[in-house]
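Let's take a walk through this one together, strand by strand and charge by charge. Have the viewer open and follow along.

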Amino acid sequence: DESFLGTGRPLGPSRLLFEIGCDDGAGATVRELRDRLGLDSGYLSRLLRALETDGLVAVRPDPGDRRRRRVTLSRRGRTAWQRLDDRSEELAERLVAPLSERQRLRLTEALATADRLVRAATVRLDEVAPTDPRAIVAMAAYFAEIGERFGFEPGDAWQHDAATMAAPDGFFVVATSDGEPVACGGVQQLPDGAAEVKRMWVHGDWRGAGLGARLVRHLEDLARGRGHTVVRLDT
């Protein structure tokens with residue numbers, strides 16, 4: 001469709017424009033957009049240049065880290081974003097108009113389940129250093145949750161774990177969706193040579209979608225690939 005929802009732009013740039021405007025005008029860094037949409041760097045650059053040429057976005061150094069580039073909507077871009085959002089809503093309303101209230105409820109429940117499962121299937125599992133910002137965010141959520149449940153005070157627990165889960169003897173994996181950490185887990189080597197899975201965490205919104213089981217299988221595969229024949233779970 002060369003004119004997605006009658007906007008005059010194809011789906012690709014329309015999807016990018018919508019993503020840039022989703023965070024209350026704050027925009028997003030180029031890396032965040034690449035991670036969220038799974039786009040090749042060259043293709044994303046071409047799309048951004050086209051949106052810039054049309055006067056819809058501005059690409060500038062990020063005030064928080066000038067090594068990064070942040071993309072924001074111009075005034076014209078905000079108008080185009082709102083038109084895109086309004087037309088999408090109108091299309092959705094037309095699609096469900098023939099359905100009864102009960103049918104709409106069933107459709108909503110089915111779509112929510114499909115969305116959660118598809119998102120779980122497309123989550124990225126990346127092996128990162130324990131000092132990686134994504135690992136730090138995930139571990140902060142992990143310790144906050146067990147602190148709320150059990151009154152656990154982490155102290156320097158993570159500093160110790162970060163050392164034992166660092167290469168070459170250990171490793172840490174973060175699962176991300178749209179660039180945001182949604183699960184994590186690490187493996188350290190025990191004195192007897194066995195591997196131990198620790199610090200498993202799955203975001204509350206993602207539980208029940210099979211992400212935890214997928215992450216455990218991934219950690220086991222990585223441990224097997226490093227020559228371990230025994231994997232234990234820290235509880």
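Is Lys 198 buried or exposed? Keep in mind that this is a predicted model. With a relative accessible area of 11%, Lys 198 is buried, because anything under 20% falls into that class. Its salt-bridge partner is Asp 161, and the closest N and O atoms of the two are 3.4 Å apart. Lys 198 sits in strand β7 and Asp 161 in helix α7 (residues 157-164), so this contact ties together parts that are 37 residues apart in sequence. Asp 161 is buried too, at a relative accessible area of 2%.

Now step back for the overall picture. The protein chain has 8 helices and 8 strands, and its C-alpha trace spans about 65 × 50 × 35 Å along the principal axes. Of its 235 residues, 35% are buried.

β7 (residues 195-202) runs antiparallel to β6, and 6 bridges join them. On its other pairing, β6 goes with strand β5 (residues 171-177), again in the antiparallel sense, over 7 bridges. Strand β6 (residues 180-189) has 8 of its 10 residues buried, so the rest of the structure largely encloses it.

Thr 122 is found in the loop between α5 (101-121) and β4 (124-128), and it counts as exposed at 58% relative accessibility.

Next, find the open sheet of 3 strands, in the order β1-β3-β2 with antiparallel pairing. β1 (28-29) and β2 (57-62) are the edge strands with a single partner each, so one side of each has no neighbour in the sheet. β1 is joined to strand β3 (residues 65-73) by 2 bridges, and Thr 29 has Arg 70 as its bridge partner in β3.

Back to charges: the structure holds 17 salt bridges. One of them joins the side chains of Arg 68 and Asp 62 at 2.9 Å, N to O. Arg 68 is partly exposed at 39% relative accessibility, whereas Asp 62 is buried at 4%. Another links Arg 224 to Asp 221, with the closest N and O atoms 2.7 Å apart. Both lie in helix α8 (residues 211-225), 3 residues apart, or about one turn of the helix. Arg 224 is exposed at 52%, while Asp 221 is partly exposed at 45%. There is also a network of salt bridges linking Arg 31, Asp 35, Arg 124, Asp 126, Asp 132 and Arg 134.

Finally, look at the surface, where Asp 86, Glu 89, Glu 90 and Glu 93 gather in a patch of negative charge. Glu 90 belongs to helix α4 (residues 75-96), and at 42% relative accessibility it counts as partly exposed.

Conventions: Residues are numbered from 1 along each chain as its sequence is written. This is a predicted model: local features need pLDDT of at least 70, side-chain atom pairs count only at pLDDT 80 or more; totals for chains, interfaces and linings use all residues. Side-chain values use heavy atoms; hydrogens and water are left out. Patches are made of residues with over 30% relative accessible area and no salt bridge: like charges are joined within 9 Å, nonpolar side chains (Val, Leu, Ile, Met, Phe, Trp, Tyr) within 5 Å. Accessible areas come from the Shrake-Rupley method with a 1.4 Å probe; for residues, only the protein chains shown count as cover. A salt bridge is a side-chain nitrogen of Lys or Arg within 4 Å of a carboxyl oxygen of Asp or Glu. Lys and Arg count as positive and Asp and Glu as negative; His and the chain ends are not counted. The place of a charge is taken as NZ of Lys, CZ of Arg, CG of Asp or CD of Glu. Helices (H or I, at least four residues) and strands (E, at least two) are DSSP runs, numbered from the N terminus. Buried means under 20% relative accessible area, exposed over 50%, partly exposed in between (1.4 Å probe, protein chains only). Two strands pair if DSSP finds at least two bridges between them.
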